[in-house]
Every structure is written in C-alpha cells, then in structure tokens.
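Work through the exercises below with the sequence and the model side by side. Try each task before reading its solution.

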Amino acid sequence: MEQPIRPGHLTAEQTRQVLGGISAGALRQLVYRGQLARSGGTDRYPYYAVADVTALARKRRSSVPA
C-alpha cells in the first residue's frame, strides 16, 4: 500500500510527467545511470526530490536541439 508522500517530493508517476511523460523504464534507467537519485519511499513506490527532478528537467530541455 502506498504511503503518504513527504512535502518536497514527487511520486514516480509525477516525476515521469515532469520529465516529459517518459516511461517507467526510462525513469528506472535515469536512476540506474546516476542522473536521478531516489530520496525516499520504497522499492515499489520510490519518491524523488522536487529540486532534483526540476534540475534534471531543465537540463534535459536545454540539451534538446530546437
């Protein structure tokens, strides 16, 4: 059962949406490659810090050619 999320954190689903609607597998790859770190939750329901997610989203947007 999913636990209440702490302030300043996002669920995996929310994180995927902020990062442009990426797949669950793509999110796992970002964690595996060290580009994003889990900041709480459980293995099944990880949480990610808002600051880390927004920084990664900005980085990804700036690296995409226009």
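## Exercise 1: Layout

The chain holds three helices and three strands (DSSP runs numbered from the N terminus: helices are H or I with at least four residues, strands are E with at least two). This is a predicted model, where local features need pLDDT of at least 70, side-chain atom pairs count only at pLDDT 80 or more, and totals for chains, interfaces and linings use all residues. Residues are numbered from 1 along each chain as its sequence is written, and side-chain values use heavy atoms, with hydrogens and water left out.

**Task.** Which pattern does the chain follow along the sequence?

**Solution.** The order reads β-α-α-β-β-α.

## Exercise 2: Strand pairing

**Task.** Find how β1 and β2 each pair with β3.

**Solution.** 
- Step 1. Apply the criterion: two strands pair if DSSP finds at least two bridges between them.
- Step 2. Take β1 (residues 9-11). Strand β1 pairs with β3 in the antiparallel sense, over three bridges. Thr-11 stands opposite Tyr-47 in β3.
- Step 3. Take β2 (residues 40-41). Strand β2 is also antiparallel to β3, over two bridges. Gly-41 has Pro-46 of β3 as its bridge partner.
- Step 4. A hairpin of four residues joins β2 to β3.

## Exercise 3: Burial around β3 and His-9

**Task.** Are the faces of β3 covered or open? Then place His-9.

**Solution.** 
- Step 1. Set the cut-offs: buried is under 20% relative accessible area, exposed is over 50%, and partly exposed lies in between (1.4 Å probe, protein chains only).
- Step 2. Check β3 (residues 46-49). Pro-46 and Tyr-48 are buried on one side, Tyr-47 and Ala-49 on the other. Both faces are covered.
- Step 3. Move to His-9, in strand β1. His-9 has a relative accessible area of 17%, so His-9 is buried.
- Step 4. List its contacts (heavy atoms within 4.5 Å). Leaving out residues up to four places away in sequence, His-9 touches Gln-14, Ser-39, Tyr-47, Tyr-48, Ala-49 and Val-50.
- Step 5. Compare sequence and space. His-9 and Pro-46 are 37 residues apart along the chain, and their C-alpha atoms are separated by 9.8 Å.

## Exercise 4: The whole chain

**Task.** What radius of gyration does the chain have, and what would a compact globule have?

**Solution.** 
- Step 1. For 66 residues a compact globule would have a radius near 11 Å; the chain has 12 Å, which agrees.
- Step 2. The C-alpha trace spans about 40 × 25 × 20 Å along its principal axes.
- Step 3. Of the 66 residues, 24% count as buried.

Key
Rg over C-alpha atoms; globule rule 2.2 N^0.38 Å.
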